[in-house]
Structures are given as C-alpha cells and as structure tokens.
Amino acid sequence: MSSAPVRSATPQEIVRILSTYRDRWLLPTIVCAVLSVAYALVMSRTWEASQALVLRQEATGASLKHPGKFSDLYEMRTIQETILELVKSRQVVTATIKEVNEDSGRQAYEPSDREIEKFRKRLQMLPPHGAEFGKTEVFYLTVKDPSRERAIRLVAELCDQLDLRLSQLRDERAQSLIAELDKQVELSAARHDKETQRLIEFEGQLGADLGE
C-alpha cells in the first residue's frame, strides 16, 4: 500500500492562509512585541569589568630554587585556590565596598551580609580563553555592577585589597616562622646551659684528678 505524496504549500497559499486567519496571529504578535519592548526598557543592564593578573612564584613566599616558576601545577593551583578564598573573604569584600562607597561620595557604612553575598555572586575568577583553572599563571578577576564606572572602581579596588591582604598573610606567616625559630633557639640555649652546668659539676667532683 503506497501513501500519497505530501504536497508542500506554495508561498501564495501561505500568504492567503495568513491573510484569512490574521486575527489568530496578529494580536499575539503585537502583545509579545509590546512586552519585549517594555522589558527591554525597564530591565537593569549589568556591566562587567575585568582585570588580568599574573601569579608569580616569588610573590607566594615559596621556595626560590627556580625563581619565577612553580615546582609543579599542584603548587600553582593551591596558590590560586588560596587567592580565590581570600578575594571572596569577608575582610576583602567589606573593605572593597567601603572604599568604593567613600570614593563615590556615599555615606560610609558597614556592608550587610546580604550586600556582601550579592557582591560575591557578581565576582568571578577565571582563566583566560577557556583554559583550565590552575594550569596557567594568568587569571582574570571580573566584577559585575549596574553602573559601568562603579564596576571599574570595584574591580580596581578589589585588586588593591587582595594585594594588601596577601601582604598581610605573608607577614603573618613570616612572623609565625620567626617566633617558631626564636622558640627553638631558646630551647637550644636552655639545653646548652643545662649541659654546661652538668659538665661544671662533673669537673668539680673530679677535683685534682681532672688532669688524669
């Protein structure tokens, strides 16, 4: 049993059908067009500002056996994950928002938890050109905001606060290491004094037989 071939409609037939049933498609088209225009007028536009950063091995406080290079990709990925946690930390985000508000002439205030969380959602740390995170020393910090100028100021201030926080973190690690070394020196000196005192007592007990 053979089926009859399906005949395609000609352009003239399509025009005739649209003209005949124009009430069925004209009104929905107009409504959709009006809604689209209204949404385009009232929707909030978001600007995205980005800043490229290069992670140097010397800046991390790691070993300097190979200056300017990481020992492996795992080390570089670990440092980048640390930076990502720092850039989203409450201290960095709060300082960034407060500085930008003051520069904009706004009243200085402590950002709320909701404002901080909103800023974090608009913040991204991405590798360039779709590269895998942790396999390139270059990465981008991007910030979104309804205001173009504010987005630029936010990403610039965020980089400054991140650099400041990294410096503080390196100083804290250095102070911790110095304190640990001082403690080791103190314990070694006390042990040395104790052994020296034992030797003096031993020599005193020998008396005249010390030469023998």
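Thr94 lies in helix H4; helices here are DSSP runs of H or I with at least four residues, strands are runs of E with at least two, and both are numbered from the N terminus. This is a predicted model, in which local features need pLDDT of at least 70, side-chain atom pairs count only at pLDDT 80 or more, and totals for chains, interfaces and linings use all residues. Residues are numbered from 1 along each chain as its sequence is written, and side-chain values use heavy atoms, without hydrogens and water.

Is Thr94 buried or exposed? Thr94 counts as buried because its relative accessibility is 8%; buried means under 20% relative accessible area, exposed over 50%, and partly exposed in between, with a 1.4 Å probe and protein chains only. Other buried residues of H4 include Val93, Ile97 and Val100. Apart from neighbours within four places in sequence, Thr94 is in contact with Glu110, Pro111 and Ile116, contact being heavy atoms within 4.5 Å.

Now the length of H4. Helix H4 covers residues 90-103, and its 14 residues should span 20 Å at 1.5 Å a residue. The expected span is 1.5 Å times one less than the number of residues. The end C-alpha atoms of H4 are 20 Å apart, so the two values agree.

Next, helix H2. Ile30 lies in H2, residues 22-42, and is partly exposed at a relative accessible area of 45%.

Last, confidence. pLDDT is the predictor's confidence in each residue, from 0 to 100. The protein chain has a mean of 78, and 80% of its residues reach 70 or more. Confidence is lowest in helix H1 (residues 11-20), at a mean of 73, and highest in helix H5 (residues 113-121), at 89.
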